[in-house]
Amino acid sequence: DGNYQVKPPTPYFAGGDLVGRVAALGTSVTKFAVGQRVAASVFRGAFAELVLASTSRTYPVPVDIDPVKAASCATVFATVAVALTIKGDLQAGERVLITGAAGGVGIAAIQYAETIGAEIVALVSSAEKERIAQRAGAHQVLRLDHMTHPSDDIRVALNRAGYDGVDIVLDVVGGKVFRGSIRCLRPGGRMLVVGFASGQIPEIKANYLLLKDITVIGSALESGFQRHGPRLYEIMVGIYEAVARGQIDPFV
């Protein structure tokens with residue numbers, strides 16, 4: 001409907017993620033071969049028969065990975081890798097709260113955080129989504145649809161589940177969920193702003209950050225590619241290898 005922050009010229013081919021075989025190479029490309037199976041992340045054009053992809057966003061895909069699962073990885077796992085590792089510095093043993101945890105980014109965040117060795121709390125809004133989050137590997141699931149005032153009730157629900165707080169929040173929802181989940185951070189905690197699925201962009205007073213001793217970090221995928229490309233590429237290659245080992249099972 002034209003409200004997204006990036007507006008490509010029309011008409012254009014949609015699609016951001018793909019798996020296919022290399023049809024041709026640029027004259028300076030040496031890391032791939034014609035006919036090689038690869039995955040790629042492109043801003044648009046993935047649904048076309050041929051697409052031009054940058055080598056910095058194209059990854060070798062092990063032959064035993066289901067192509068549909070492989071195609072579902074690039075954007076969501078790159079998004080969570082930038083947020084949780086590059087921006088949030090999530091460590092093994094830390095506790096992370098993931099909002100919108102039954103969506104594409106949320107599920108990838110659960111699975112990725114599990115490979116790091118984090119303790120994972122998922123926030124969802126229905127029984128069906130609770131089952132999805134549990135299947136993805138969440139250790140604890142909180143139900144937003146059981147809350148009257150999320151700004152207060154998320155922290156209450158977390159405490160009732162036996163947790164004194166979290167080290168990181170990955171938020172894709174915004175609005176009241178942002179306001180409620182930021183209150184769950186321990187001192188030194190990091191709030192990762194990834195999106196606003198609710199359509200509501202929250203605001204926070206700076207004195208609250210000072211009193212709580214917490215950090216709010218914006219995490220944008222495109223910036224991650226541009227500023228941390230080599231590190232992100234290495235992480236993504238490792239993710240496809242984890243899929244091949246069965247350590248990650250992408251949801252479609």
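The questions and answers below go through parts of a predicted model.

User: Which residues touch the most other members of the largest nonpolar core?
Analyst: In soluble globular proteins, nonpolar side chains tend to be buried together. The largest nonpolar core here has 75 residues. Those that touch the most other members are Phe-77, Leu-84, Val-96, Ile-110 and Tyr-240.

User: Leaving aside neighbours within four places in sequence, which residues is Tyr-240 in contact with?
Analyst: Tyr-240 is one of the residues that touch the most other members of the largest nonpolar core. With neighbours within four places in sequence left aside, its contacts are Ala-39, Tyr-59, Pro-60, Val-61, Pro-62, Ile-65, Ala-70, Cys-73 and Ala-74.

User: How many aromatic pairs are there, and what is the angle between the planes of Tyr-59 and Tyr-233?
Analyst: The count comes to two aromatic pairs. Tyr-59 and Tyr-233 form a tilted pair, with 5.1 Å from centre to centre and an angle between the planes of 40°.

User: Why does the pair of Tyr-59 and Tyr-233 tie together parts that are apart in sequence, and by how many residues?
Analyst: Tyr-59 lies in strand 3 (residues 58-60) and Tyr-233 in helix 8, so the pair joins parts of the chain separated in sequence by 174 residues.  Both Tyr-59 and Tyr-233 are buried. The separation in sequence is 174 residues.

User: Which residues form one aromatic cluster with Tyr-59?
Analyst: Tyr-59 is in contact with Tyr-240. The aromatic cluster that holds Tyr-59 also takes in Tyr-233 and Tyr-240.

User: Which residue has its charged end over the ring of Tyr-233, and which lies over the face of Phe-225?
Analyst: For Tyr-233, a charged end sits 3.9 Å from the ring centre, and it belongs to Lys-31. For Phe-225, the distance to the ring centre is 4.1 Å, and the residue over its face is Arg-57.

User: What distance should helix 3 span, and how far apart are its end C-alpha atoms?
Analyst: Helix 3 covers residues 104-116, which is 13 residues. At 1.5 Å a residue it should span 18 Å, and this agrees with its end C-alpha atoms, which are 19 Å apart.

User: Which residues of helix 3 are buried, and what covers them?
Analyst: The buried residues of helix 3 are Gly-106, Ile-107, Ala-108, Ala-109, Ile-110, Gln-111, Tyr-112 and Ala-113. Among them, Ile-110 is also one of the residues that touch the most other members of the largest nonpolar core. What covers the buried residues includes helix 2 (74-87), strand 4 (95-98), strand 5 (119-124), helix 4 (127-136), strand 7 (166-171) and helix 8 (221-245).

User: Which residue follows helix 3, and what is its phi near?
Analyst: Helix 3 is followed by Gly-117. The phi of Gly-117 is positive, near 100°.

User: How many salt bridges does a search of the whole structure find, and which residue forms one with Lys-69?
Analyst: The search finds 10 salt bridges. In one of them the closest N and O atoms are 2.6 Å apart, and the partner of Lys-69 is Asp-249. This pair links helix 1 (residues 67-71), where Lys-69 lies, with the segment after helix 8, where the residue 180 places away is Asp-249.

User: Are Arg-190 and Glu-94 buried or exposed?
Analyst: Their side chains meet in a salt bridge at 3.0 Å, N to O. Arg-190 lies in strand 8 (residues 185-193) and Glu-94 in the loop between helix 2 and strand 4, so the pair ties together parts 96 residues apart in sequence. The cut-off for buried is under 20% relative accessible area. Arg-190 at 14% and Glu-94 at 16% are therefore both buried.

User: Which residues are linked in a network of salt bridges with Arg-95?
Analyst: Arg-95 forms a salt bridge with Asp-164, with the closest N and O atoms 3.2 Å apart. Arg-95 is buried at a relative accessible area of 10%, whereas Asp-164 counts as exposed at 62%. The network links Arg-95 with Glu-119, Asp-164, Asp-167 and Arg-186.

User: Why is helix 6 largely enclosed, and which of its residues are buried?
Analyst: Six of the eight residues of helix 6 (residues 175-182) are buried, so the rest of the structure largely encloses it. The buried residues are Gly-175, Val-177, Phe-178, Gly-180, Ser-181 and Ile-182.

Methods: Residues are numbered from 1 along each chain as its sequence is written. This is a predicted model: local features need pLDDT of at least 70, side-chain atom pairs count only at pLDDT 80 or more; totals for chains, interfaces and linings use all residues. Side-chain values use heavy atoms; hydrogens and water are left out. A nonpolar core is a set of buried Ala, Val, Leu, Ile, Met, Phe, Trp, Tyr and Cys residues joined through side-chain atoms within 4.5 Å. Buried means under 20% relative accessible area, exposed over 50%, partly exposed in between (1.4 Å probe, protein chains only). Contact means heavy atoms within 4.5 Å. Helices (H or I, at least four residues) and strands (E, at least two) are DSSP runs, numbered from the N terminus. The expected span of a helix is 1.5 Å times one less than its number of residues. Rings of Phe, Tyr and Trp (its six-membered ring) pair if their centres lie within 6.5 Å; planes under 30 degrees apart count as stacked, over 60 as edge-to-face and the rest as tilted. A charge sits over a ring if NZ of Lys or CZ of Arg is within 6 Å of the ring centre and within 35 degrees of the ring normal. A salt bridge is a side-chain nitrogen of Lys or Arg within 4 Å of a carboxyl oxygen of Asp or Glu.
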